[in-house]
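Subject: Structure for you, with notes

Hello,

Here is the structure I promised. Please open it alongside these notes.

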Amino acid sequence: MRILKYMIGGAIAGAAAAYLMGYDYLFSGISKTYLKGKSSAYIDDGNLFPGNPIVTESPKLWEEDPEYNKKELPKHLVENLKHSRTAAFVVIRKGRILHEQYWEGYNQLSQTNSFSMAKAVTVMLLGKALEEGIIQTIDERLANLYPEFKEKTFGDLVTLKNLAQMEAGLDWDENYNNPFLPNAKAYYGRSLMKAVFSRKFKQEPGTQFEYQSGSTQLLGFALKKALGKPLATYLSEKFWIPLGMEQNAKWSTDGYGMEKTYCCIHSNARDFAKLGQLFLDDGKSENQQVLNTDFIEQMRTPTEKSEGIYGMGLWINNDNPVRHYYFQGLQGQYIIVVPDHDMVIVRTGSYLNSPKNDRGRPDQVRFLVNETVQLFQ
């Protein structure tokens, strides 16, 4: 009995210490991962978090290519997809669905976590807000929307463009494995504002490329302040409805209704493919210009500071013989656009240790592009 009393007392003391040190979010993280038999965030965790709905109104199914699902994937491609625990693999060619295949119990209706593919979506919302004059310039300073940043060193210099291009100079360690670093606090904590507004800036904005989830979350806060409405609502109005998405989706939020703009749009592979098709069609869907071409071009143009691998929310590979650019999320969530072959490739799944040897870009993306183009060209 005395041992139990000490154990309870120790647990209470430990919990109190964690709370006082700002690590109370760890309890949420443990309950949402280890207690569910997982070691980290996973693609089916959408129901564990609050979220805002992304609604569609008039769903439009993909038109099927005459060769839809008639060609079997070669053995080595299937092996790669199975080895990487792929959930969905979808290929769009010339605006029609050409191939779709699912594994591990997933299907056309399965909604999985976009993870960081949402970063590109957040930048798309910035483009739309600029187009509509809600935000006057991409060089708008974050401190004009949140004056508290004027008190931070370099904070008064940060622009929305710096945030979109990952050149904000934020003090943020993009580490997905250490529970004491900011990504875990943002993902499992109750307050995104507490997680990101507490960070300092370590260098002058615009001087160095560094991929950081915190930068996109700050961009999300700026957008929400300017729009005066949930970002999921704006995404519904400006993209989900005009694109005729097949399903309503969900954007995970913190405990105060703020979308996790660096991640966490839960949707299906067929609808993710429509985002890629929008870029392939230079921002147009049927007869409607959904997002202006100039901004689309800015997003997919590699920046000098990134040495050609990143634009605004999009990763870029013009080094490969088959040029492509893509939305990328943790564990291998990809929407890949292959302009020269009029093709969009979507892969979702749970690839926990995806090798990145191509200047920080995943090997699997290049492999999927080369193999899919060769198979279906």
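Asn 69 is found in the loop between strand S1 (51-54) and H3. Helices (H or I, at least four residues) and strands (E, at least two) are DSSP runs, numbered from the N terminus. The phi of Asn 69 is near 55 degrees, a positive value in a residue other than glycine. Asn 69 is partly exposed, with a relative accessible area of 36%. Here buried means under 20% relative accessible area, exposed means over 50%, and partly exposed lies in between (1.4 Å probe, protein chains only).

Before going on, the ground rules. This is a predicted model, where local features need pLDDT of at least 70, side-chain atom pairs count only at pLDDT 80 or more, and totals for chains, interfaces and linings use all residues. Residues are numbered from 1 along each chain as its sequence is written, and side-chain values use heavy atoms, with hydrogens and water left out.

Phe 115 also has a positive phi, near 45 degrees, and is a residue other than glycine. Its place is in the loop between strand S4 (112-113) and H4. Phe 115 counts as buried, at 3% relative accessibility. For context, most residues other than glycine have a negative phi.

Back to the loop between S1 and H3, where Glu 64 lies. Glu 64 counts as partly exposed, at 47% relative accessibility. Glu 64 touches Arg 96 and Ile 97, leaving out residues up to four places away in sequence. Contact means heavy atoms within 4.5 Å. The C-alpha atoms of Glu 64 and Ala 129 are separated by 33 Å, and the two residues are 65 residues apart along the chain.

Next, the helix pairs. Two packed helices are described by the angle between their axes and the distance between the axes. The axes are lines fitted to C-alpha atoms, for helices over the stretch in contact, and angles run from 0 to 180 degrees between N-to-C directions. Angles under 35 degrees count as roughly parallel, over 145 as roughly antiparallel, 65 to 115 as roughly perpendicular, and the rest as oblique.

Take H3 (residues 75-83) and H13 (residues 363-376). Their axes come within 11 Å and cross at roughly 150 degrees. H3 and H13 are therefore roughly antiparallel to each other. H3 passes H13 in a left-handed crossing; that is, the near helix is turned anticlockwise from the far one by less than a right angle (right-handed if clockwise). On the H3 side, the contact is made by His 76, Leu 77, Asn 80 and Leu 81; on the H13 side, by Gln 364, Phe 367, Leu 368 and Glu 371. These residues divide into four nonpolar, three polar and one charged. Ala, Val, Leu, Ile, Met, Phe, Trp, Tyr, Cys and Pro count as nonpolar, Asp, Glu, Lys and Arg as charged, and the others, Gly among them, as polar.

H4 and H11 (residues 269-280) come within 12 Å, axis to axis, and cross at roughly 50 degrees. H4 and H11 are therefore oblique to each other. This crossing of H4 past H11 is left-handed. Met 117, Val 121 and Met 124 of H4 make the contact with Phe 272, Leu 275, Leu 278 and Phe 279 of H11. The tally is seven nonpolar, no polar and no charged.

H4 and H10 have axes that come within 11 Å and cross at roughly 70 degrees. That makes H4 roughly perpendicular to H10. Seven of the ten residues of H10 (residues 231-240) are buried, so H10 is largely enclosed by the rest of the structure. Its buried residues pack against S1, H4, helix H9 (213-227), strand S5 (249-252), strand S6 (265-267) and H11.

Now the cores. A nonpolar core is a set of buried Ala, Val, Leu, Ile, Met, Phe, Trp, Tyr and Cys residues joined through side-chain atoms within 4.5 Å. The largest has 91 residues, of which Leu 126, Leu 275 and Phe 327 touch the most other members. Helix H4 (residues 117-131) gives the most to this core, with ten residues. A second, separate core of 27 residues includes Leu 77, Tyr 334, Ile 345 and Leu 375.

Best wishes
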